[in-house]
Amino acid sequence: MPTIQIKNLYKSYINSDGEPTNALENINLEIKDGEFVCVVGPSGCGKSTLLEIVAGLLSHTSGEVLLDGVPVTGTSRDIGVVFQDPSLYPWRTIKKNIAFGMDIAKIPKQEQEERLTKYISLMNLVGFENKYPSQLSGGMRQRAGIARALVMNPKVILMDEPFSAVDHLTRCTLQDELIRLRQEEKKTVLFITHDLNEAVYLADRVILLTPRPGKIQQEYRIDLPYPRNRDDAFLTHTAATIMTDITTGSRKDDVEYYI
Amino acid sequence: MAQKSNGAKAKKFTFTWINALQILTVAALLISMQVAVSSGAISKVFLATPTDIVKSGWGLITDGTLFPHLLVTLKEVFTGYFLAAAVGIILGFLWVLFPKLEQYMSVFCSAIMAVPKTAILPLLILWFGIGFQSKVVLIFLFGVFTILYNTVTGAKQCKVEYMKVASVFEASRAQLVFKVMIPAALPSIFNGLRLSAATALTGVVFAEMQSAREGLGFLLSQAQNNLATAKVFFIIILVTLISVLFVRIIAGVEYIFCHKWRKV
């Protein structure tokens with residue numbers, strides 16, 4: 001059974017003029033156990049809205065979101081979320097930030113320590129445990145944000161443009177770490193990004209959403225083994241195809257509009 | 001971006017010609033006071049020479065008048081202030097936890113807050129007498145609203161992202177308050193504490209000047225009645241110093257709580 005099933009999902013809200021607006025329209029998506037799916041699309045297409053609905057942070061208007069066959073009605077410990085801004089608590093050290101979820105879940109201290117040791121070294125944060133977020137670089141902070149989600153051992157990890165705020169080199173490093181991590185931990189990942197090269201480099205499958213209201217415009221399979229080569233002809237070609245599809249998709253709209 | 005400034009050392013103080021000019025200005029002011037009063041150009045009733053101020057201050061200390069009055073004032077200030085802090089912070093979080101309570105209470109709090117506190121002093125004296133209690137109540141009223149509203153604002157301004165993280169991990173309401181909202185509100189709470197520390201002494205000195213048999217304000221109005229202007233100057237300086245020290249102590253407590261993770 002697929003881990004995440006999204007069926008006929010609609011999300012509308014009342015905009016500032018008091019009119020209902022559709023953010024997401026008829027989204028149908030199945031993400032299999034262990035699959036890495038990237039969602040791309042132009043700004044404002046509802047990518048983040050989709051992620052927050054799956055995370056249980058936002059309600060949807062109609063349709064269904066199932067996790068292992070069970071409807072998602074709110075947040076769940078089976079779902080870990082990594083935010084764009086890692087949103088670490090500035091008053092907690094890195095170690096205490098990573099342990100936050102375990103503190104909330106009242107996991108015994110000894111087990112906490114074991115898991116912390118594992119994920120701090122997995123995310124290359126050894127030596128930074130007792131630093132505060134303000135003392136760390138953006139990349140380091142995002143590593144801590146990922147560790148905070150992983151340490152709870154969720155089945156599914158949702159990532160909302162997690163690398164968009166770090167510099168290019170750090171981003172490449174973090175991408176490679178994520179691929180390594182995903183192979184070691186065998187997690188199901190739903191990853192939101194606006195970076196097409198990042199999407200094709202990371203994912204088994206890339207989903208392209210149309211501009212508002214967000215509908216699934218196209219799906220691309222990337223059946224390449226990991227680790228991948230960034231220069232791989234197929235990857236660059238796919239990224240270029242997606243780019244073309246984004247622009248032609250909007251050009252079609254323009255033509256309809258003017259005629 | 002990373003704030004590396006956290007570990008940076010405080011700017012080193014270097015003595016410049018501007019500092020020299022400042023010291024000269026103060027010295028000139030003191031000397032002209034001394035000359036103007038001792039030459040008789042300005043009457044002793046209106047101004048005091050610096051030497052007289054020091055002398056009268058020393059007199060108050062050595063003859064044992066000052067200390068009991070100082071103690072009375074400090075006791076009033078600290079009691080009133082700590083009551084205000086405790087009630088303000090606890091009530092602030094109750095408001096955030098139970099919005100209905102805020103809806104119900106805030107109109108009354110705003111109404112009481114709007115009353116100039118010094119105007120209700122006559123009532124406070126009727127109800128609580130001219131001693132310790134009326135002063136404590138006045139200082140409490142002076143401080144509690146500032147602390148309350150700063151606490152509420154701080155807790156409400158807690159970043160949406162912080163709350164999202166907490167709800168992803170399914171934090172309970174109590175966990176949300178104690179592990180996220182209180183720490184996030186700390187800077188704002190300390191802001192309120194510092195502001196009300198600065199006004200606490202104003203309240204008590206005013207109340208003691210109006211009606212009291214002890215305290216620094218009482219001493220001040222007594223000196224005024226006796227036209228002991230040097231004494232008046234000394235007490236004003238003393239009260240100012242206490243006020244500054246008080247604010248410093250609060251800032252020190254804030255430093256202990258927060259310096260590790262943010263610049264204070």
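Reply: Helices (H or I, at least four residues) and strands (E, at least two) are DSSP runs, numbered from the N terminus. This is a predicted model, in which local features need pLDDT of at least 70, side-chain atom pairs count only at pLDDT 80 or more, and totals for chains, interfaces and linings use all residues. Residues are numbered from 1 along each chain as its sequence is written, and chains are lettered from A and ligands numbered from 1 in the order in which they are written.

Me: Is B:C158 buried or exposed?
Reply: A residue is buried if 20 or more other C-beta atoms, placed from the backbone, lie within 10 Å of its own, exposed if 12 or fewer, and partly exposed in between. Two residues are in contact if their C-beta atoms, placed from the backbone, lie within 7 Å. Not counting residues up to four places away in sequence, B:C158 touches B:M163, B:V180, B:M181, B:A184 and B:A185. Because B:C158 has 20 C-beta neighbours inside 10 Å, this residue counts as buried.

Me: Which helix of chain A gives the most to the side that touches chain B?
Reply: In the contact between the chains, 20 residues of chain A meet 19 residues of chain B. The helix of chain A that gives the most to this side, with three residues, is α3 (residues 100–104).

Me: How many residues of each class are on the side of chain A that touches chain B?
Reply: Ala, Val, Leu, Ile, Met, Phe, Trp, Tyr, Cys and Pro count as nonpolar, Asp, Glu, Lys and Arg as charged, and the others, Gly among them, as polar. On that basis this side of chain A has 11 nonpolar, seven polar and two charged residues.

Me: What is the strand order of the open sheet in chain A?
Reply: Two strands pair if DSSP finds at least two bridges between them. Strand β1 (residues 4–14) of chain A pairs with β2(A) in the antiparallel sense over eight bridges, and A:S12 stands opposite A:N22 in β2(A). The edge strands of chain A, each pairing on one side only, are β2 (20–31) and β5 (70–71). The four strands, with antiparallel pairing, have the order β2-β1-β4-β5.

Me: Which helix of chain A gives the most to the side of domain 1 that touches domain 2?
Reply: Domain bounds come from an automatic or database domain assignment, which divides chain A into domain 1 (1–78 + 155–225) and domain 2 (89–153). Between them, 10 residues of domain 1 of chain A are in contact with nine residues of domain 2 of chain A. With four residues, the helix of chain A that gives the most to this side of domain 1 is α6 (residues 168–185).

Me: Which residue joins A:P227 through a cis peptide bond?
Reply: A:P227 lies in the loop between β10 (216–221) and α8 (233–258) of chain A. With omega about -10 degrees, the cis peptide bond joins A:P227 to A:Y226.
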